[in-house]
Amino acid sequence: MCLAVPGRVLEIEERDATRMAKVDFGGVVKDVCLEYVPDMRVGDYAIVHVGFALQRLDEESAKQTLELFENLGVLEEEFGDAWGKAARDAGAERPSGTGLPPTDGVEKEARP
Amino acid sequence: MKYLDEFSDPVLAKRLFDDIRAITTRPWALMEVCGGQTHSIIRHGIDQLLPEEIELIHGPGCPVCVTPLEIIDKALEIASRPDVIFCSFGDMLRVPGSGRDLFKVKSEGADVRVVYSPLDALKIAQENPDRQVVFFGIGFETTAPPNAMTVYQAKKLGISNFSLLVSHVRVPPAIDAIMRSPDCRVQGFLAAGHVCTVMGMAEYPELAEEHGVPIVVTGFEPLDILEGIRRAVRQLEAGEHTVENAYPRAVQAEGSPAAKAMLADVFEVTDRAWRGIGMIPASGWRLSPKYRAYDAEHRFSVTGIDTQESTVCRSGEVLQGFIKPNECAAFGKECTPRNPLGATMVSSEGACAAYYLYRRLETPDKEASSVG
Ligand code: SF4
């Protein structure tokens, strides 16, 4: 939870008077709030923490970090199935009614 | 044993290791503050590849680990209420309270949901106006601005069935507390990069001056950590103690003014207990009076909680760098990720979990190394 993951801004929109974006994290797309880095544009990379862009990042470092995170399993931890992981760790059944959180931005895209 | 080819740029890594070796003439003890850095150090064996004189001491920088037991127990009690939807980040699910955890409470039928962002919890509140939606707001300065913005939004949009169970902590007072401990061996700090992305570096010069320690703002990728170590050792060898930024691609001196402004509006500084460590003055945030209505502790008046900490767990000593995880007698025996006695064995940023994942097979204890 504590690490911030770099992602690329795909589209930007105003929602409830808040600047929001769809951001691509190596194939996982999430809704991200841009209020703390308001000058982000489509195509820019940002360091994103729990759904908030915190700082702009250059493309090369963003890609390097994403690759490292993929290898470390950080992306899985950040965007994957937390109940499944907790159940595995506990050696228990996955509790019922724990589908992915009802966010509309969650979709795993096939990487070209 | 780990090898250089595990680094993203082995040539650069070798050069940094060689540089560090060349400038090191005496023993030095550095503390990496951030749990992500600890994880990276253990995973890549950086501590084992460094010159023997340099010791890395693991710091308290894991929010999951330092969230006080009392708050975990309050979370469990609130989550158990039938009218509540309790939202949390996934890494809190298995943090032990006094006897149970969120995973267990969920298995018993409570409506506990894992969200990616606090804004997801706010959305759940909008969609469930007849339920109370509580978000578990833990974390350091990196996580506090998202949670602050969420409370600000709740107020702006008039969403009254949302509240925050807040237990935010601040890094600089923890550094100060560590340096004030009579047992402290730390001579320099690798400060947590993403905390500084938000807060900037203004809080550090005074600490560096007062305690005579170099503080190097450091990222958590292996090469970032090596660069942080190199700069801290260079300062120590030269008898200097200043603040340096070794993570400029993510950290600017002033941090994020917009995030700091939001923090100042929504939160106010308060004393906070750290799990395993105890009370550290001015080391936390709580909701400011303007936003008190969104405070879950007030809304659900959870009081009179009888906490029961494990009598075996030494995570407080681990978090302050007094012992290494595998020096705890329970490590890998009574205490494993499947049956964690302390939060430091649960969180992926916890030092005990990092040692269990990557160092267990290297501990001489046969029983420990045959587990799993
Ligand atoms: S190994 Fe387990 S019991 Fe020992 S300090 Fe770590 S979390 Fe606590």
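This is a predicted model: local features need pLDDT of at least 70, side-chain atom pairs count only at pLDDT 80 or more; totals for chains, interfaces and linings use all residues.
Buried or exposed? Asp224(B) comes in at 8% relative accessibility, so it counts as buried. You'll find Asp224(B) in helix α12 of chain B, residues 222-238. Leaving aside residues up to four places away in sequence, Asp224(B) touches Thr218(B), Gly219(B), Tyr247(B) and Arg249(B).

Now let's zoom out to chain B as a whole. We have 17 helices and 11 strands here. The C-alpha trace spans about 65 × 50 × 40 Å along its principal axes. For 372 residues, a compact globule would have a radius of gyration near 21 Å, and chain B has 21 Å, so the two agree. Of those 372 residues, 62% count as buried. And if you take the contacts in chain B between residues at least 6 apart in sequence, 76% of them join residues at least 24 apart.

Next, the sheet. Chain B has an open sheet of 6 strands with mixed pairing, and the order is β4-β3-β5-β6-β11-β10. Which strands stand at the edges? Those are β4, residues 111-114, and β10, residues 267-274; each has a single partner strand, so one side of each is left without a neighbour in the sheet. On average, neighbouring strands in this sheet are turned by 25° against each other, ignoring direction.

To pick out one pair, Arg272(B) has Ile280(B) in β11(B) as its bridge partner.

What about the helices around this sheet? Helix α7 of chain B, residues 118-127, packs on the sheet and touches β3, β4, β5 and β6 of chain B. Its direction makes about 170° with that of β5(B). Then there's helix α13 of chain B, residues 257-266, which lies across β10 and β11 and runs at about 80° to β10(B).

One more helix in chain B: α2, residues 35-44. How many of its residues are buried? The count is 10 of 10, and that includes His39(B), Arg43(B) and His44(B).

Speaking of phi, let's hop over to chain A. As a rule, most residues other than glycine have a negative phi. Here are two that go the other way. Asp16(A) isn't a glycine, yet its phi is positive, about 50°. Asp16(A) is in the loop between β1 and β2 of chain A. Val50(A) isn't a glycine either, and has a positive phi of about 35°. Val50(A) lies in the loop between β4 and β5 of chain A. As for accessibility, Asp16(A) is partly exposed at 44%, whereas Val50(A), at 1%, counts as buried.

Last stop, the ligand. What surrounds it? The residues are from chain B, among them Cys313(B), Cys328(B), Cys335(B) and Cys352(B), along with Arg314(B), Phe331(B) and Met345(B). By class, the shell comes to 8 nonpolar, 3 polar and 1 charged residues.

Definitions and conventions:
Residues are numbered from 1 along each chain as its sequence is written. Chains are lettered from A and ligands numbered from 1 in the order in which they are written. Side-chain values use heavy atoms; hydrogens and water are left out. Two strands pair if DSSP finds at least two bridges between them. Helices (H or I, at least four residues) and strands (E, at least two) are DSSP runs, numbered from the N terminus. Axes are lines fitted to C-alpha atoms, for helices over the stretch in contact, and angles run from 0 to 180 degrees between N-to-C directions. Contact means heavy atoms within 4.5 Å. Buried means under 20% relative accessible area, exposed over 50%, partly exposed in between (1.4 Å probe, protein chains only). A residue is near a molecule or strand if one of its heavy atoms lies within 4 Å of it. Ala, Val, Leu, Ile, Met, Phe, Trp, Tyr, Cys and Pro count as nonpolar, Asp, Glu, Lys and Arg as charged, and the others, Gly among them, as polar. The radius of gyration is taken over C-alpha atoms; the globule rule is 2.2 Å times the number of residues to the power 0.38.
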